[in-house]
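Thanks for making time this morning. I would like to go through one model with you, starting from its overall layout and then turning to how far it can be read.

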Amino acid sequence: MDTKNIFINFFIKKVGICLILGMFFKDVIGQNELKSHLIREIKNEKVSHAQLFLGQSGYGTLPLALAFIQYLFCENKRENDSCGVCASCKKNLDLQHPDIHFTFPIVLAEDKFCDPLLPRWREIIKEKPYFSYEDWTEKIDKKLRKPVIGTDESAQIVRKLALKSYEGGYKVLLIWKADEMNHVFANKILKILEEPPEKTLIILIAENQENLLQTIVSRTQIVKIPFILQSELSAHIQNKFSLESSLADSIASQSEGNYIQASYLISGEDIQAKNREIFIQLMRCAFKKNAIDMINWAEEISQFGKEKQKNFLTYSLYMLRHCLLKNYQMGMLSMLSKEEEEFLKNFARFITNNNIFKFYDFINQAYFFLDRNANPKLVFTNMAFNSMRYIHLA
Ligand SMILES: [Zn+2]
């Protein structure tokens with residue numbers, strides 16, 4: 001382990017026990033424009049009854065939605081955030097408000113409804129408000145079976161929304177990871193959206209619009225959540241993990257505005273070293289045109305979780321970018337670890353104007369396909385063979 005990682009691990013251990021409640025706007029990383037927009041919507045009483053928060057989990061879709069709901073219910077709204085002390089805020093801070101209902105994917109072999117899992121749900125939000133679908137799966141099922149939003153839960157939410165609100169105000173249904181709704185649930189939601197109960201707000205959170213019925217999308221107001229600006233992400237991790245600014249910049253740039261990706265890179269598990277190892281492995285077998293090694297390589301990486309696979313792809317882009325910088329002597333190499341620099345010394349000359357755009361295109365495409373649940377083995381086999389073709393174009 002190099003000094004950089006020892007340094008990072010030290011701070012992870014130091015801050016690892018803090019519990020953070022991501023319910024205030026101030027706890028949402030960056031996204032200032034969007035925050036102002038959401039606050040304005042509430043102040044002007046223009047809250048649309050069905051909203052779709054669209055974006056990657058690591059951009060902060062869930063924390064933003066929670067902060068939005070808390071502000072909506074707050075009895076003593078401040079200019080830019082909820083008060084945190086009124087009766088509504090207190091209930092919201094514990095995720096115990098009786099008029100706010102949560103629906104999320106569950107493992108149907110274990111549970112039929114979301115309610116029994118609410119303690120876990122509260123737990124994961126308190127531990128880390130930015131979490132992925134994989135994190136949630138790990139949290140609720142040791143066997144890592146795929147959680148979905150299913151049929152029985154759809155009957156449950158109809159019952160819940162038919163009830164009068166306890167406190168006379170809004171009733172909210174928040175559906176997290178709506179990408180995983182089965183068709184029965186999706187159709188039920190569609191019916192509810194067609195005839196929305198009075199004073200009911202439905203917030204769907206999803207990563208990809210393509211995973212939802214077009215008829216649902218067209219009945220919601222889409223709130224697109226963009227990636228976190230690199231400067232804001234860097235400032236946040238610098239402060240939270242007491243990182244040096246150059247290291248924080250490098251991590252922020254590699255994670256492409258996704259806080260979950262950034263925290264993977266900062267985590268105790270040495271993901272960067274693993275990424276480096278498989279990147280080097282790939283480039284070696286691609287260079288030697290060794291098909292068996294390429295297939296084995298694809299086999300190995302297809303066993304990783306999806307977030308780790310995506311993380312590897314962004315790491316690959318990062319390394320390729322540094323090859324070019326090195327070729328053009330543009331510096332910035334201080335961001336690289338000693339091992340990376342060592343590898344790039346010989347490898348960089350294989351990345352040139354003749355192939356860099358091809359590499360970029362297929363890696364971005366691989367990312368796109370993984371996001372849409374493509375078979376990872378196919379995606380990575382394809383990546384290996386493309387790497388072989390393009391590396392020899394230099
Ligand atoms: Zn309040």
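The protein is divided into domain 1, residues 12-224, and domain 2, residues 269-391, with bounds that come from an automatic or database domain assignment. The C-alpha centres of the two domains lie 35 Å apart, and the contact between them takes five residues from domain 1 and five from domain 2, where contact means that C-beta atoms, placed from the backbone, lie within 7 Å.

This is a predicted model, in which local features need pLDDT of at least 70 and side-chain atom pairs count only at pLDDT 80 or more, while totals for chains, interfaces and linings use all residues. Residues are numbered from 1 along each chain as its sequence is written.

As for confidence, pLDDT is the predictor's confidence in each residue, from 0 to 100; the protein averages 88, and 92% of the residues score at least 70. Over residues 1-22, however, pLDDT stays under 50, although the model has 31 contacts beyond four places in sequence for them. Where pLDDT is low, the predicted coordinates should not be read in detail.

Turning to overall shape, the C-alpha atoms fill a box of roughly 70 × 40 × 35 Å, taken along the principal axes. Buried residues make up 39% of the 394 residues, a residue being buried if 20 or more other C-beta atoms, placed from the backbone, lie within 10 Å of its own. Finally, among contacts between residues at least 6 apart in sequence, 75% join residues at least 24 apart.

Notes
Two residues are in contact if their C-beta atoms, placed from the backbone, lie within 7 Å. A residue is buried if 20 or more other C-beta atoms lie within 10 Å of its own, exposed if 12 or fewer, and partly exposed in between; C-beta atoms are placed from the backbone.
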